[in-house]
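Dear colleague,

Please find the structure below.

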Amino acid sequence: MADKLNLDPVTIVNKKFGVDFKGYDPNEVDHMLDQVIEDYQTYQDMVDSLNAKVADLEKTNASLRARLIEVEGKERARDEDGDPMMQGASNVDILKRLSRLENEVFNNSGSQNRKH
């Protein structure tokens, strides 16, 4: 960013103006330039501070992204492998459904055999 600026505080301080017959009052010019220098330095301090914060936030963001990828990977692996407790509960449900189906099939076929 500093490369885009035409002036810096040192350049402003060292600037010398020529005085001619109808020139500006050198004291007023110096006073105005002193205020410009102060503002310029304040802006530069703000830019430096904000750049440091941006760098810190980018570092934090990269860390959080890595953590998110890690957590998502673990979640995906857990979903693929399945929770053993959930698989056991699912297997029990399947066995109960099979048992009811067998009872229905054998009871209905037994009923039909008795009628014939």
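Which residues lie nearest the centre of the largest pocket? They are K15, F17, P26, V29 and D30, out of 16 residues that line the largest pocket. A pocket is an open set of points on a 1 Å grid over the protein atoms alone, with protein on both sides within 12 Å along at least five of seven lines, and lining residues have an atom within 4 Å of a point.

The model is predicted: local features need pLDDT of at least 70, side-chain atom pairs count only at pLDDT 80 or more, and totals for chains, interfaces and linings use all residues. Residues are numbered from 1 along each chain as its sequence is written, and side-chain values use heavy atoms, without hydrogens and water.

The protein chain has three helices and zero strands (DSSP runs, H or I of at least four residues for helices and E of at least two for strands, numbered from the N terminus). Helices α1 (9-14) and α2 (26-81) each supply at least two residues of the pocket lining, and α2 gives the largest share, six residues.

Of the 116 residues of the protein chain, 5% count as buried. V105, in helix α3 (residues 84-115), is partly exposed because its relative accessible area is 44% (buried means under 20%, exposed over 50%, partly exposed in between, with a 1.4 Å probe and protein chains only).

A colleague

Terms used
1 Å grid on protein atoms, 1.4 Å probe; cavity = no way out; pocket = protein on both sides within 12 Å on 5 of 7 lines; lining within 4 Å.
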